[in-house]
Amino acid sequence: MKPSAFSYVGIDVSKDYWDVALDGEDKTRRYTTTHKGLESLLAWLATLRKIHVCLEATGGWERRLVDA
């Protein structure tokens with residue numbers, strides 16, 4: 001990957017979980033939509049550099065994540 005290139009994080013939103021994929025990785029991550037899950041997801045995202053995060057609008061279930 002070029003040093004200036006961005007990585008993409010895709011988040012599938014549901015009532016109970018955020019399923020997260022990072023481009024170039026086969027493994028996905030799952031976080032619960034609880035306070036603890038949100039803290040864990042944000043902590044993991046903070047370890048990444050130069051990312052674009054994409055997520056779907058799903059009946060309002062995305063709001064908590066977007067607000068964070």
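Reader: Which residue forms a salt bridge with glutamate 25?
Author: Glutamate 25 pairs with arginine 29, and their closest N and O atoms lie 3.0 Å apart. Please keep in mind that this is a predicted model.

Reader: And are those two buried or exposed?
Author: Glutamate 25 has a relative accessibility of 36%, so it counts as partly exposed, while arginine 29, at 18%, counts as buried. The cut-off that matters for arginine 29 is that buried means under 20% relative accessible area.

Reader: How many salt bridges does a search of the whole structure find?
Author: The search finds 2 salt bridges.

Reader: What does the pair of aspartate 19 and arginine 30 tie together?
Author: Aspartate 19 sits in strand β2 and arginine 30 in strand β3, so this pair ties together parts that are 11 residues apart in sequence.

Reader: Ok, you mentioned strands. What order do they have in the sheet?
Author: The sheet is open and has 4 strands, in the order β3-β2-β1-β4, with mixed pairing. β3 (28-32) and β4 (51-55) stand at the edges with a single partner strand each, so one side of each has no neighbour in the sheet. From one strand to the next, the twist averages 20 degrees.

Reader: Mixed how? Which way do the partners of β1 run?
Author: β1 and β2 run antiparallel and are joined by 5 bridges, whereas β1 and β4 run parallel, and 5 bridges join them as well. β1 and β2 also form a hairpin, with 3 residues between them.

Reader: Can you give me some pairs that I could look for, say for valine 9 and tyrosine 8?
Author: For valine 9, the bridge partner is leucine 22 in β2, and for tyrosine 8 it is histidine 52 in β4. Another pair to look for is valine 13, which stands opposite tryptophan 18 in β2.

Reader: Which residues of β1 are on its covered face?
Author: The covered face of β1 has Ser7, Val9, Ile11 and Val13, and the uncovered one has Tyr8, Gly10 and Asp12. In a regular strand, side chains alternate between the two faces of the sheet.

Reader: Switching to the helix, what does α1 lie across?
Author: α1 lies across β1, β2, β3 and β4, and it runs at about 145 degrees to β3.

Reader: What makes up the largest nonpolar core, then?
Author: This core has 12 residues in all, including Val9, Ile11, Trp18, Tyr31, Leu45 and Leu65. β1 (7-13), β2 (17-22) and α1 (35-46) each supply at least two of its residues, and the largest share, 4 residues, comes from α1.

Reader: And what is leucine 45 in contact with, leaving aside its neighbours within four places in sequence?
Author: With those neighbours set aside, leucine 45 is in contact with Val9, Ile51 and Val53.

Note on methods: Residues numbered from 1 in each chain as written. Predicted model: local features only at pLDDT ≥ 70, side-chain atom pairs only at ≥ 80, totals over all residues. Heavy atoms only, no water. Core = buried A, V, L, I, M, F, W, Y, C linked by side-chain atoms within 4.5 Å. Buried < 20%, exposed > 50% of the residue type's maximum accessible area, 1.4 Å probe, protein only. Contact = heavy atoms within 4.5 Å. Pairing = 2+ DSSP bridges. Axes fitted to C-alpha atoms, helices over the stretch in contact; angles between N-to-C directions. Salt bridge = Lys/Arg side-chain N within 4 Å of Asp/Glu carboxyl O.
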